[in-house]
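Subject: Structure handover

Hello,

Here is the structure for you to look through. My notes follow below it.

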Amino acid sequence: MAEYAPVDLTVENQVEFELDGRRVAAPAGTMLADACYAHGVEIPIFCYEPRIGPPIGACRMCLVEVEGMRGLQTACSTPVAPDMVVRTTTDAVKEAQDGVLEVLLANHPLDCPVCDKGGECPLQDRTFKFGPGTSRYVEPKRHQPKPLNLSHRIALDRERCISCFRCVRFSQEVAQDGELTMQERGARSEITTFSGDPYRGRFSGNIIDVCPVGALTSIPYRFVSRPWDVQNTPSVCGLCPVGCNTELTVREGRTKRVTGRPEPNPAVEEGWLCDTGRWAYDASWSQARITAAVVREATGDRTATLEDAVDGAAALLRGRTAGILVGTAATVEEAGIAADLAGGALPGAVVARMGIPGGALAPLRALPGAQLGDVDDADLVVVAGGDPSAQQPVAELRLRKARRFGATVTGCGPRPHALEALGTFIRTAPGDLAAGVASLAEAIAAATRPVVMWDEADLAGEPAAAEALAAAIAANPAARQLELGAEVNGSGLRALGLPDAGAVLDAVRAGTVDALLLVHADPLDAPGRAAWDAALEGFAGPVIAIASHADATTERADLVLPALTMWEQEGTLVSMNGRVQRLRPGARGPEGAAAGWELLVALAHRLGVVPGYRTAAAAFRAVTAGRPAFAGITPEAAGVLGVPLAAPAQVAGASAPPPASGEGVPLVATRTVYGGAAARRSAALADTAAPAELRMAPDTAAAHWVNDGDRVVLRSSSGESGRLTVRVGDGLPEGVVFAPLGAPGSPTEGVLPADMAPVLVRVARVEAG
């Protein structure tokens with residue numbers, strides 16, 4: 001991880017000072033450690049990590065001489081001053097560095113050959129570079145039981161800890177989960193949780209990245225490989241719409257580890273990852289993984305080679321009018337090639353995307369937008385709807401950082417969430433988000449640098465709230481909007497101009513298509529499922545699915561083509577803020593699978609139309625040509641850190657959803673990153689899978705004649721849910737029920753319409769608790 005804060009040596013207000021005999025300059029207020037590094041002088045550090053917070057000078061490794069100041073000074077906490085004279089290589093500095101390292105190593109085990117940090121360890125590197133060549137200690141070292149499981153995924157080796165406080169400060173200041181503390185004092189100091197229970201944070205894996213020694217290591221990666229045996233590839237996480245930048249560690253064709261990049265992306269995740277993005281990679285080889293093509297025949301299912309399966313898919317589609325449905329996790333290349341099929345290999349095909357129609361959101365998306373990094377400089381951050389802590393996890397850390405920097409954090413919405421303690425949040429009734437927006441309009445107008453974060457799913461379902469919020473943002477020229485998207489690549493699919501899934505659904509119902517091609521799309525496991533169930537029940541044409549894992553739709557498909565996952569293929573994703581970023585392949589994937597874009601190109605060949613591209617980069621250029629949102633954007637321009645879209649990702653013609661009607665209690669559904677399909681498929685995240693529970697307040701439960709632990713089903717005008725377990729809680733608002741999306745069996749999706757419009761449900765008990 002990058003341990004020094006970036007320094008812009010071109011900005012105004014530069015301060016000149018002397019560094020080891022050279023006249024140099026740095027912006028006023030820059031810490032000496034950062035200024036020295038910017039000018040090519042490395043100051044050894046262990047406790048300093050500018051992303052965590054202000055320096056604390058705990059390790060004393062960064063001592064330097066400053067003329068006129070008594071004693072040696074900690075470079076991490078001493079700001080540059082005019083005409084300051086700094087020396088970093090004197091005998092006194094060298095003696096201090098030797099002494100600090102000698103003390104740190106006094107009880108540190110010399111187990112580098114078996115330590116997972118070996119080869120990429122700051123303590124190891126700085127001991128070689130700055131430390132003494134020999135040790136004067138001959139006394140026995142302190143020994144402790146090792147390792148302890150700090151959590152289900154993090155091992156703690158107390159012998160290796162150097163008490164730098166990075167992990168504790170991350171827990172207390174960045175994640176603010178209040179879990180970790182330093183217990184005891186002096187040589188007895190050790191990391192633990194306040195309660196003594198396992199560390200259960202949403203971002204716990206980041207303490208592994210910031211640890212400068214091998215005290216904290218990943219249990220799934222324990223003893224798996226050494227740095228010289230692996231390849232590290234920069235990529236992007238495709239498990240939620242944030243688009244965090246990651247680094248894939250690959251050995252023998254498999255992803256063995258996912259970490260934050262050594263050089264974080266300040267516009268997106270700043271180097272932090274949620275635990276799902278860090279540990280879900282083992283879903284690539286879960287039991288649900290499709291490793292070979294599946295052909296369903298009257299005599300039963302059989303596997304086929306990929307070549308034969310693509311031939312079979314072409315034979316099934318030839319001469320038919322196809323409906324092509326693209327899922328929200330599909331890359332820009334996959335979606336664009338699918339759309340190209342309709343104009344060539346499959347003439348007359350109807351192409352559409354899964355996800356929220358969002359017709360009411362056009363005015364919001366047309367306003368000046370912000371990147372996540374802009375939240376740091378805001379004086380007011382408004383959160384309208386949603387639950388970033390569950391749905392867009394790293395956005396939570398940006399909000400906590402903004403509050404730490406002095407910004408006012410406020411918002412409104414129908415659901416309780418973990419961020420309400422940051423400021424004043426107005427709890428609105430389901431379907432009445434407009435009332436909360438009206439209450440916040442004055443604050444938005446009065447702010448100097450406001451950033452308004454708004455939830456795609458909630459605002460799409462409430463056109464009046466979307467209109468009111470757009471007006472409030474437009475009233476302040478300095479205001480910027482930041483979409484909290486609901487879909488991984490929703491922005492990319494809209495930027496390609498794909499209409500919503502209703503176009504294909506209507507064609508299936510009307511009988512104007514007689515074949516279906518699904519690209520990473522599972523309409524039977526998503527909101528609007530009941531409508532698709534009914535439409536497909538009488539559908540006689542072939543259904544062909546391109547997918548990486550088995551799901552409800554692949555079980556219905558006549559032919560399944562196995563695709564690579566985001567950890568295995570090249571492609572492009574567009575984040576919820578419209579940032580175009582490149583996926584880069586790490587692992588190889590199963591021998592019988594291929595990237596979705598390659599399968600589509602092969603299908604076009606079999607159908608007699610030869611596309612003019614054979615690589616993902618060439619496909620990106622071809623499918624984005626003429627699209628205003630992608631103007632001037634090439635794979636080279638996207639580079640490693642990505643670039644924003646040239647224009648808002650809009651799709652015209654989507655209609656606003658109708659208001660909730662019928663009888664029942666309002667349902668608020670939340671899709672959580674922590675408990676979705678990736679968590680259920682991952683062995684490392686098995687304990688985080690969200691249970692299929694229906695939460696409600698005591699009086700609401702009594703009004704529906706249910707008790708805690710009862711099993712119930714929900715019924716709405718859209719359909720019926722699967723079974724949910726009732727959980728009654730005192731802290732929940734009355735008159736509304738809460739249920740997760742993406743829970744095992746996807747029980748909630750059955751009662752929701754595809755446009756995520758507000759819905760009323762009836763609660764029916766089917767089994768006593």
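**Strands 8 and 9**

Strand 8 and strand 9 make a hairpin, with six residues between them. In its turn, Glu-184 has a positive phi of about 65°. The two strands, residues 180-183 and 190-193, run antiparallel and are joined by four bridges. Gln-183 has Glu-190 of strand 9 as its bridge partner.

This is a predicted model, in which local features need pLDDT of at least 70, side-chain atom pairs count only at pLDDT 80 or more, and totals for chains, interfaces and linings use all residues. Residues are numbered from 1 along each chain as its sequence is written, and side-chain values use heavy atoms, with hydrogens and water left out.

Some terms. Helices (H or I, at least four residues) and strands (E, at least two) are DSSP runs, numbered from the N terminus. Two strands pair if DSSP finds at least two bridges between them.

An open sheet of five strands has the order 20-19-18-21-22. Its pairing is parallel. Strand 20 (424-427) and strand 22 (480-484) stand at the edges. Each has a single partner strand, so one side of each is left without a neighbour in the sheet. On average, neighbouring strands here are turned by 15° against each other, direction ignored. For such angles, axes are lines fitted to C-alpha atoms (for helices over the stretch in contact), and values run from 0 to 180 degrees between N-to-C directions.

Strand 21 (residues 450-455) runs parallel to strand 22, and five bridges join them. Val-452 stands opposite Gln-481 of strand 22. Helix 12 (residues 433-446) packs on the sheet. Helix 12 touches strand 18, strand 19 (408-413), strand 20 and strand 21. Its direction makes about 160° with that of strand 19. Contact means heavy atoms within 4.5 Å.

Another open sheet has three strands in the order 26-27-28, with antiparallel pairing. Which strands stand at the edges? They are strand 26 (571-574) and strand 28 (643-644). Each has a single partner strand, so one side of each lacks a neighbour in the sheet. Strand 27 (residues 579-583) pairs with strand 28 over two bridges. Val-580 stands opposite Val-643 in strand 28.

Further along, strand 31 (residues 711-715) has antiparallel pairing with strand 32 (residues 724-728) over two bridges. Arg-711 is opposite Thr-725 in strand 32. Strand 31 is also joined to strand 34 (residues 759-767) by five bridges, again antiparallel. There, Val-712 has Arg-765 as its bridge partner.

**Gln-371**

Gln-371 sits in the loop between helix 9 (362-365) and strand 18 (380-384). Is Gln-371 buried or exposed? Gln-371 is buried, because its relative accessible area is 13%. The classes are buried under 20% relative accessible area, exposed over 50% and partly exposed in between (1.4 Å probe, protein chains only).

Its side chain makes a polar contact of 3.3 Å with that of Arg-579. A polar contact is a pair of N or O atoms within 3.5 Å; within protein, one must be able to donate a hydrogen and the other to accept it, and residues adjacent in sequence count only if both atoms are side-chain atoms. Leaving aside neighbours within four places in sequence, Gln-371 touches Ala-267, Leu-482, Asn-577, Arg-579 and Pro-644.

**Helices 16 and 17**

Helix 16 (residues 502-510) and helix 17 (residues 529-537) pack at about 35°, with axes 9 Å apart. Val-504, Leu-505, Val-508 and Arg-509 of helix 16 meet Ala-531, Trp-532 and Ala-535 of helix 17. These contact residues divide into six nonpolar, no polar and one charged. Ala, Val, Leu, Ile, Met, Phe, Trp, Tyr, Cys and Pro count as nonpolar, Asp, Glu, Lys and Arg as charged, and the others, Gly among them, as polar.

**Single residues to look at**

- The peptide bond from Lys-146 to Pro-147 is cis, with omega near -15°. Pro-147 is in the loop between helix 3 (122-130) and strand 6 (148-149).
- Phe-223 has a positive phi of about 60° although it is not a glycine. Phe-223 is exposed, with a relative accessible area of 56%.
- Trp-705 is not a glycine either, and its phi is positive, near 60°. Trp-705 is exposed, at 72% relative accessible area.
- His-605 lies in helix 19 (residues 596-606). His-605 counts as partly exposed, at 39% relative accessibility.

Best wishes
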